[in-house]
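Hi everyone, thanks for making time this morning. I'd like to walk you through one structure, so please have a look at it with me.

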Amino acid sequence: MVFFKSLFLTSIFCFVLTANPSQAKEICKVTDPTGTPLNVRESPNGKVINALRNNREVEILEIDFDQQGRHWAKVAGYYQGRYRVWGWVIREFISCYKS
């Protein structure tokens with residue numbers, strides 16, 4: 001009986017540790033509704049330096065605004081096994097959710 005109580009308490013403890021929402025990872029992906037690659041810029045509304053395809057997983061490093069008040073996100077992620085900081089994209093074309 002002691003074994004089962006111990007097993008039960010251990011199970012609850014493990015569930016609480018794994019179910020903690022503060023430990024959930026945020027996943028963000030490019031979701032440009034036009035279906036074309038999303039322009040990446042050197043600064044908010046700056047020169048285009050790259051493009052990212054839809055569904056590319058990205059990490060948002062920073063948020064800023066341009067002179068028109070639009071939200072921009074500085075994004076990074078893995079490409080060919082290397083972590084890269086790509087640059088700035090319009091924030092509304094990045095969708096994020098908790099894993």
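Predicted model: local features only at pLDDT ≥ 70, side-chain atom pairs only at ≥ 80, totals over all residues.

Let's begin with Arg 41, which sits in strand 2, residues 38–41. Which side chain of opposite charge is nearest to Arg 41? That would be Asp 66, at 8.3 Å. A salt bridge here requires a side-chain nitrogen within 4 Å of a carboxyl oxygen, and Arg 41 has none, although it is buried. As for its surroundings, leaving aside residues up to four places away in sequence, Arg 41 touches Gly 46, Lys 47, Val 48 and Ile 49, and also Trp 72, Gly 87 and Trp 88.

So where does Asp 66 find a partner? The side chain of Asp 66 meets that of Arg 70 in a salt bridge, with 2.7 Å from N to O. As a general point, side chains of opposite charge can pair when their charged atoms come close. The two partners are placed like this: Asp 66 is buried, because its relative accessible area of 11% is under the 20% cut-off, and Arg 70 is partly exposed at 34%. The count for the model comes to 1 salt bridge.

Now for the loops. Gln 68 lies in the loop between strand 4 and strand 5 and is exposed, with a relative accessible area of 54%. Its C-alpha atom is 9.7 Å from that of Asn 45, and these two residues are 23 apart along the chain.

Asn 45 belongs to the loop between strand 2 and strand 3, and at 37% relative accessible area Asn 45 is partly exposed. If you like backbone torsions, note that phi of Asn 45 is near 60°, a positive value in a residue other than glycine. Gln 80 also has a positive phi, near 50°. You'll find Gln 80 in the loop between strand 5 and strand 6, exposed at 66%.

Last stop, the largest pocket, with a volume of about 220 Å³. Its lining takes two or more residues from each of strand 1, strand 4 and strand 5. Which strand gives the most? Strand 4 does, with 4 residues. There are 13 lining residues, and those nearest the centre are Lys 25, Glu 57, Val 58, Glu 59 and Ala 76. Sorted by class, the lining holds 7 nonpolar, 1 polar and 5 charged residues.

That's my tour, and I'm happy to take questions.

Note on methods: Residues numbered from 1 in each chain as written. Heavy atoms only, no water. Buried < 20%, exposed > 50% of the residue type's maximum accessible area, 1.4 Å probe, protein only. Lys, Arg positive; Asp, Glu negative; His and termini not counted. Contact = heavy atoms within 4.5 Å. 1 Å grid on protein atoms, 1.4 Å probe; cavity = no way out; pocket = protein on both sides within 12 Å on 5 of 7 lines; lining within 4 Å. Points joined across faces, edges and corners; volume = space filled by probe spheres on them. Nonpolar A, V, L, I, M, F, W, Y, C, P; charged D, E, K, R; others polar.
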